[in-house]
Amino acid sequence: MEVRQATLADADGLARLRHALWPDGSEADHRREIERFFAGPQTAPVLVAEDRSGLLAFAELSIRPYAEGCETDRVGFLEGWFVIPEARHRGVGRKLVAAAEAWARSVGCTEFASDAEADNEESAAAHRALGFAEVGLIRCFRKDL
């Protein structure tokens with residue numbers, strides 16, 4: 001299994017993985033977003049884990065000026081993280097997050113953060129297993145004006 005930075009050649013596989021994580025948009029919508037990402041300036045990578053069978057997982061990263069529970073104004077952030085069910089509990093997610101943390105350290109971050117939906121216990125357990133500490137639980141609200 002290899003962890004590496006994604007390229008535009010990974011767009012189809014990434015679109016499938018992103019759609020599995022974020023099903024609100026179509027695979028085609030995700031593909032267009034991936035193409036826009038690779039067409040523009042990239043300030044943070046998308047990482048993928050793959051083996052001979054294809055893409056197993058991805059992690060989208062960013063640097064945020066703020067994250068809950070963090071003290072610095074330059075926080076490496078795990079925007080999205082997904083491992084296909086067949087590859088879970090085999091260390092794929094751990095290797096992917098370790099590569100994400102290494103990238104964040106390489107660009108000067110001293111903190112790394114993430115989030116998950118309040119009811120996503122599987123994600124919360126995966127985060128805790130990798131050493132993340134839960135710092136809070138919030139609900140976000142909106143309304144049309």
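Analyst: Buried means under 20% relative accessible area, exposed means over 50%, and partly exposed is what lies in between. Keep in mind that this is a predicted model. With that cut-off, the buried residues of helix α1 are Ala11, Gly13, Leu14, Ala15, Leu17 and Arg18.

User: What covers the buried residues of α1?

Analyst: The cover includes α2 (27-39), along with β2, β3 and β4. Helix α1 (residues 11-21) packs on the sheet, where it touches β2, β3 and β4 (75-83). The direction of α1 makes about 70 degrees with that of β3.

User: What is the strand order in that sheet, and what makes β1 and β5 edge strands?

Analyst: The sheet is open, with five strands in the order β1-β2-β3-β4-β5 and mixed pairing. Each of β1 (2-5) and β5 (112-114) has a single partner strand, so one side of each is left without a neighbour in the sheet. From one strand to the next, the twist averages 30 degrees.

User: How do you know that β1 and β2 pair?

Analyst: Pairing takes at least two bridges between the strands. Four bridges join β1 to strand β2 (residues 46-51), so the pair qualifies, and the two run antiparallel. Glu2, for one, has Glu50 in β2 as its bridge partner.

User: Why is Ser62 called buried?

Analyst: Its relative accessible area is 14%, and the limit is under 20%, so Ser62 counts as buried. Ser62 is found in strand β3 (residues 54-64). Leaving out residues up to four places away in sequence, Ser62 touches Ala44, Val75, Gly76, Phe77, Glu79 and Trp103.

User: What makes the Ser62 and Glu79 side chains a polar contact?

Analyst: The distance between them is 2.5 Å.

User: How many disulfides does the structure hold, and why is Cys70 in none?

Analyst: The structure holds zero disulfides. For Cys70, the nearest cysteine sulfur is that of Cys109, 9.8 Å away. A disulfide needs the sulfurs within 2.5 Å, so Cys70 is in none. Cys140 is in no disulfide either, with the sulfur of Cys70 its nearest at 16 Å. At 67% relative accessibility, against a cut-off of over 50%, Cys140 is exposed.

User: Now the rings. Why is the Phe37 and Phe38 pair called edge-to-face?

Analyst: The structure holds three aromatic pairs, and this is one of them. The centres of Phe37 and Phe38 are 5.0 Å apart, and ring centres must lie within 6.5 Å to pair. Phe37 is partly exposed, with a relative accessible area of 27%, while Phe38 counts as buried at 18% relative accessibility.

User: And what makes the Phe112 and Phe132 pair tilted?

Analyst: Their planes are at 40 degrees, which is neither under 30 (stacked) nor over 60 (edge-to-face), so the pair is tilted. The ring centres are 6.1 Å apart. This pair links distant parts of the chain: Phe112 sits in strand β5 and Phe132 in the segment after α4 (121-129), 20 residues apart.

Notes: Residues are numbered from 1 along each chain as its sequence is written. This is a predicted model: local features need pLDDT of at least 70, side-chain atom pairs count only at pLDDT 80 or more; totals for chains, interfaces and linings use all residues. Side-chain values use heavy atoms; hydrogens and water are left out. Buried means under 20% relative accessible area, exposed over 50%, partly exposed in between (1.4 Å probe, protein chains only). A polar contact is a pair of N or O atoms within 3.5 Å; within protein, one must be able to donate a hydrogen and the other to accept it, and residues adjacent in sequence count only if both atoms are side-chain atoms. Contact means heavy atoms within 4.5 Å. Axes are lines fitted to C-alpha atoms, for helices over the stretch in contact, and angles run from 0 to 180 degrees between N-to-C directions. Rings of Phe, Tyr and Trp (its six-membered ring) pair if their centres lie within 6.5 Å; planes under 30 degrees apart count as stacked, over 60 as edge-to-face and the rest as tilted.
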